[in-house]
Amino acid sequence: MDNRASIFFSIIAGVLLVAGFPPFDLYPLTWIALIPLFMALRDKGAKASFYIGSLTGLVFFTGALYWVFHSIYYYSSIPAVLSVFIVLLLCLFLSLYIGLFSMLFALISDRSRMPALFIAPVLWVTLEVVRSYAFTGFPWLLLGYSQYKFLPIIQIADITGIYGVSFLVVAFNGAVFDIAVSWPKKIRRMPLLGKSHITAGVVIYGLLLAASLIYGFWELNKSQDKAKTITASVIQGNIGQDRKWDAASSKEIVDIYKRLSLEVAAESPDLIVWPEAALPFVFSKGSSSAIDLLDFQKGIGIHLLTGGITENKSETGGSEFANSAILISPKGEVVSVYDKIHLVPFGEYVPLARFFPFIKKLVIDIGDFRSGEVYTVMEMPPAKIASLICYEIIFPGLTRKFVNKGANVLVTITNDAWFGKTPAPYQHFSMAVFRAVENRVPVVRAANTGISGFIDTRGRVMGSSGIFVQAKMTKELSLGPDEKTFYTKFGDLFAFLCIISSVILIANCLFPERKGKYKEGY
């Protein structure tokens with residue numbers, strides 16, 4: 001394939017990947033999205049493959065993450081041109097992962113002649129894991145997230161986590177490429193043993209895919225009659241970002257949440273949830289604003305979980321602020337406070353601030369936050385609540401730590417006003433589906449401007465709001481079972497197996513003299 005054709009096919013792959021994610025949700029396309037990329041990589045060297053894959057990544061991440069411009073430009077003092085440059089820089093960095101994947105895929109395919117249905121998924125999952133943890137982690141747009149509406153296939157996440165779904169999708173791409181494009185050419189010059197290995201690989205993957213679907217349908221139809229339940233209400237205040245910390249709007253903001261809470265109180269929920277930083281003041285038990293809120297709680301007699309900024313004294317005697325979730329009892333008493341552990345870099349804190357003091361934070365209304373250290377599980381029998389704040393819900397490892405500590409419901413509070421009317425709120429919401437499935441615990445989501453909603457233990461969206469509207473919703477949810485899932489107990493074991501497989505594949509390329517017998521088998 002000539003260079004122009006390779007560029008064309010790599011761009012097509014990036015476009016198909018974008019289409020598979022919210023807001024388009026054409027998730028079947030991701031099952032074939034990588035085939036054009038594999039075609040573009042045929043007969044290409046390492047350097048060319050890296051550039052081709054990086055182009056696919058640039059198209060994909062730019063098309064799906066352009067909303068970052070909105071957050072930077074509208075909520076910082078950074079001018080438009082520089083904001084565009086920052087977004088492109090981010091997308092270029094993320095595209096390097098697909099560039100590296102493509103380079104390794106091309107090298108291993110050429111030197112081992114192993115089928116793409118094995119090489120591609122283990123490499124892809126390995127690099128998704130790296131992206132999830134490197135430089136504080138950015139596990140946004142992992143390929144498996146595109147399948148959040150394909151409920152039967154995502155049920156395996158309670159065993160493999162999100163990475164198992166990514167594996168199945170990439171392996172399908174590889175299998176179709178092998179059968180339709182690659183193998184017809186290779187198979188004519190392969191010995192009989194090699195052909196049998198190819199056939200066995202396709203059969204094994206077919207059985208794995210069928211088993212995943214059977215397991216998914218079985219889980220979706222499993223009875224939950226004996227599960228304990230809780231009735232929760234979410235309040236979406238729809239407070240503009242420019243008003244949240246305007247002192248003149250403080251009383252009006254609190255009154256909006258009070259009014260909507262009084263309306264849902266008629267439905268007698270066990271818990272009312274307000275979003276992240278719903279309180280337009282620093283929450284301190286002695287302040288008049290906090291006392292007024294606690295008195296309000298006594299009046300309605302229902303547990304309230306709200307986001308707010310809390311203040312603590314530092315070791316030097318100064319003040320430290322935390323982005324917190326606060327649980328208030330029906331008696332108007334603070335039951336529990338959780339301080340956000342995984343802060344947003346350049347939003348809630350500046351990494352290596354001592355070395356880069358010139359970097360301006362995106363969050364310009366509030367000073368640097370102190371990171372929490374305790375995985376607090378809030379007790380509200382029969383519910384044991386893990387209150388994940390905004391960005392934290394996209395980290396599967398962090399979420400399972402709460403469930404391992406006993407949480408049987410996930411409450412995620414967020415302020416997606418930063419994103420504007422872009423795909424970001426929809427992408428953010430879709431990732432919460434997997435935290436429910438991985439741990440078999442329901443998710444209650446309260447967002448300032450949306451999307452708010454409820455997700456059951458099988459990943460079914462039981463209700464959701466629009467964006468940039470006031471909303472209130474109430475649902476009865478089955479709590480998670482006492483028995484923990486395989487994923488909750490053992491974490492990303494499947495992903496680590498993929499990493500080990502990738503290391504072996506790469507080692508075979510680095511030490512070709514050790515793979516002679518293996519290559520002859522193919």
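Is phenylalanine 486 buried, partly exposed or exposed, and what is its relative accessibility? Phenylalanine 486 counts as partly exposed, at 36% relative accessibility; buried means under 20% relative accessible area, exposed over 50% and partly exposed in between, with a 1.4 Å probe and protein chains only.

Welcome to this predicted model, where local features need pLDDT of at least 70, side-chain atom pairs count only at pLDDT 80 or more, and totals for chains, interfaces and linings use all residues. Residues are numbered from 1 along each chain as its sequence is written, and side-chain values use heavy atoms, leaving out hydrogens and water.

**Aromatic pairs**

The structure holds 29 aromatic pairs. Rings of Phe, Tyr and Trp (its six-membered ring) pair if their centres lie within 6.5 Å; planes under 30 degrees apart count as stacked, over 60 as edge-to-face and the rest as tilted. Here are two tilted pairs.

| Pair | Centre to centre | Angle between planes |
|---|---|---|
| Tryptophan 67 and tryptophan 140 | 5.3 Å | 45° |
| Phenylalanine 486 and phenylalanine 490 | 4.8 Å | 45° |

Tryptophan 67 sits in the loop between α3 and α4 and tryptophan 140 in the loop between α6 and α7, so their pair ties together parts 73 residues apart in sequence. Tryptophan 67 is buried at 6% relative accessibility, and tryptophan 140 is buried at 2%.

Phenylalanine 490 is partly exposed, with a relative accessible area of 48%. Helices here are DSSP runs (H or I, at least four residues), numbered from the N terminus. Phenylalanine 486 and phenylalanine 490 are four residues apart in helix α15, a separation of about one helical turn.

**Helix α6**

Of the 18 residues of α6, 15 are buried, so this helix is largely enclosed by the rest of the structure.

Definitions and conventions: Helices (H or I, at least four residues) and strands (E, at least two) are DSSP runs, numbered from the N terminus.
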